[in-house]
Protein chains: 4
Amino acid sequence: MSGINKVILVGHLGKDPEVRHLDGGVTVASFPLATSETYNKDGKRVEQTEWHNIVLWRGLAEVASKYLQKGKLVYIEGKLRTRSFEDKEKVKKYVTEIVAENFTMLGRKSDFEQSPIAPANQSSEAKIEDEFTIDPSDESGDLPF
Amino acid sequence: MSGINKVILVGHLGKDPEVRHLDGGVTVASFPLATSETYNKDGKRVEQTEWHNIVLWRGLAEVASKYLQKGKLVYIEGKLRTRSFEDKEKVKKYVTEIVAENFTMLGRKSDFEQSPIAPANQSSEAKIEDEFTIDPSDESGDLPF
Amino acid sequence: MSGINKVILVGHLGKDPEVRHLDGGVTVASFPLATSETYNKDGKRVEQTEWHNIVLWRGLAEVASKYLQKGKLVYIEGKLRTRSFEDKEKVKKYVTEIVAENFTMLGRKSDFEQSPIAPANQSSEAKIEDEFTIDPSDESGDLPF
Amino acid sequence: MSGINKVILVGHLGKDPEVRHLDGGVTVASFPLATSETYNKDGKRVEQTEWHNIVLWRGLAEVASKYLQKGKLVYIEGKLRTRSFEDKEKVKKYVTEIVAENFTMLGRKSDFEQSPIAPANQSSEAKIEDEFTIDPSDESGDLPF
DNA sequence: TTTT
DNA sequence: TTTT
């Protein structure tokens, strides 16, 4: 029996993506993402920040490592996964991560142009877009009815 | 510049999916979906139903035509698309549709067993699941960190 | 029986919100929102823009009229509603709208500081936030247009 | 600066909700929720289940404690929150929870009629609905466990 | 610890 | 045109 396990986040990267290449040639990337919420408490603006562990696989990891950097604003869609691991003292611990299924960069063209990853001499064709969507399963065309 | 255009629905099919095969061999399916909302008005339970035009393409259309039928409860994720067309009197009109990107059947095994589309003599291996997820871009495996 | 009818959009306002005050003192605001999607077609970047009719009620309409303007980037959560109306020629037509349930402004603090709606002499206490979330309780009723 | 932190789940309760009344009179409820995913691996159906810690506050906790029980299928919308606590050995640990913002029961009327919480002699007027939506305003605060 |  |  199936269910739904979906997470939608808009926030800023706390660090550059950390990329690893596994034995089978599979790429994995991960980074922390902050989502902040501002609310009034006794007439004062309080900001509460939540940190999320984002994990991306294969093609998505490759694209993330190219385009995402510390500080960037990003929309992420994925699913929750809690896994256990042993720390250095061999104590079993749990982490909950968001396994990304697609992401979209939000923000300014200028952010990308200033970016250290965008070579200064790139052709206008190759310009990184203001906002950039990755969504492999996309479908379009004219509807016939 | 990109954005986000996402729809999430849980509701019942108003009709069996209508399937069409286009010239290029592409399959398209469509059906109406009802999402009902119940609320209290002056102490009485009022039900308000919203009807949605669901459209599915290619592989998703094929699976929908096999497993979905009038009355079934389904979770649908997709995007909004408004398109124009001419009616019989050549008047330009607009419709807003939900182009499905994946779906999950919700409900009971018994619903599927009673189903006219489930042949009585199928092996237990091929039994249609109580709930059934279609999500091509899915990714899993053990995380290496 | 209930269902789920949820829409999530991130896009730019096509116009300033249009605000109306109904007879009962209820405020309604509406504006078009564009969500753009960029994809590759035969090696070329193609941008496809979808336009959505956003409707906001009461408190949410008030806040929208204060903070949202043409061109701003906004996250909107709401539900789909299709309603019929008669055009000038008394022909029955249908529109599908997104009735907003909450929204969050995305973008730059500088956008807000430059804003014509932000008086230059406001105290720092009242400064409009870089991004700003509104999340009141849901609202419904008959749409007056 | 704000962001978006949203979780959407459809799954079954692993246990009855556990309800606590805090000193200030605030009610908190919590329960584990299972979301299962079925996929093909080498021609075999594999089921992977993810467990989520659901937390509900105040009015939402009250309604959950009345209507939700072990085994029920439910749609939950909420936000992620990771908090730290000390275990019995005074070791600092972290848990990630979903703080529910609203929920909808999915499933069959018969489920509710069989329910031990539905007194046999209630009038048909008071019958618990097949599916039932709760959508109060958001709630937050420090979790007491 | 759910569900099929 | 669904479902309860």
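What follows is a short exchange on how terms apply to this predicted model.

Residues are numbered from 1 along each chain as its sequence is written, and chains are lettered from A in the order in which they are written. In this predicted model local features need pLDDT of at least 70, side-chain atom pairs count only at pLDDT 80 or more, and totals for chains, interfaces and linings use all residues, while side-chain values use heavy atoms, without hydrogens and water.

Me: What makes Glu77(A) count as buried?
Reply: Buried means under 20% relative accessible area, exposed over 50%, partly exposed in between (1.4 Å probe, protein chains only). Glu77(A) has 4% relative accessibility, so Glu77(A) counts as buried.

Me: Where is Glu77(A) placed?
Reply: In strand 5 of chain A, residues 73-86. Helices (H or I, at least four residues) and strands (E, at least two) are DSSP runs, numbered from the N terminus.

Me: Which side chains have a polar contact with that of Glu77(A)?
Reply: A polar contact is a pair of N or O atoms within 3.5 Å; within protein, one must be able to donate a hydrogen and the other to accept it, and residues adjacent in sequence count only if both atoms are side-chain atoms. The side chain of Tyr75(A) joins that of Glu77(A) at 2.9 Å. Lys6(B) also joins Glu77(A) through side chains, at 2.9 Å.

Me: What does Glu77(A) touch, not counting residues up to four places away in sequence?
Reply: Contact means heavy atoms within 4.5 Å. Among the residues that Glu77(A) touches are Val7(A), Val99(A), Asn102(A), Lys6(B) and Glu77(B).

Me: Why is Thr96(C) called buried?
Reply: Its relative accessible area is 13%, so the term buried applies to Thr96(C). Thr96(C) sits in strand 6 (residues 92-106) of chain C. A polar contact of 2.8 Å links its side chain to that of Thr82(C). Leaving aside neighbours within four places in sequence, Thr96(C) is in contact with residues including Thr96(B), Asn53(C) and Leu80(C).

Me: How do you know that strand 3 and strand 4 of chain C pair?
Reply: Two strands pair if DSSP finds at least two bridges between them. Here 14 bridges join strand 3 of chain C to strand 4 (residues 44-57) of chain C, and the two run antiparallel. One bridge sets Leu33(C) against His52(C). The two strands form a hairpin with two residues between them, where Asp42(C) has a positive phi of about 50°.

Me: How many bridges join strand 1 and strand 3 of chain C?
Reply: Two, in the antiparallel sense, between residues 4-13 and residues 27-41. His12(C) has Ala34(C) as its bridge partner. Strand 2 (residues 18-21) of chain C also pairs with strand 3 of chain C, antiparallel, over four bridges.

Me: What makes a nonpolar core, and which residues touch the most other members of the largest?
Reply: A nonpolar core is a set of buried Ala, Val, Leu, Ile, Met, Phe, Trp, Tyr and Cys residues joined through side-chain atoms within 4.5 Å. The largest has 41 residues; Ile54(B), Leu56(B), Phe103(B), Ile54(C), Leu56(C) and Phe103(C) touch the most other members. Helix 1 (residues 58-67) of chain B gives the most to this core, with five residues.

Me: How do you know that the buried residues of helix 1 of chain B line one face?
Reply: Leu60(B), Ala61(B), Val63(B), Ala64(B) and Tyr67(B) are buried there. Seen down the helix axis, the buried residues of helix 1 of chain B fall within an arc of 165°, so they line one face. The arc is that of the directions from the helix axis to the C-beta atoms.
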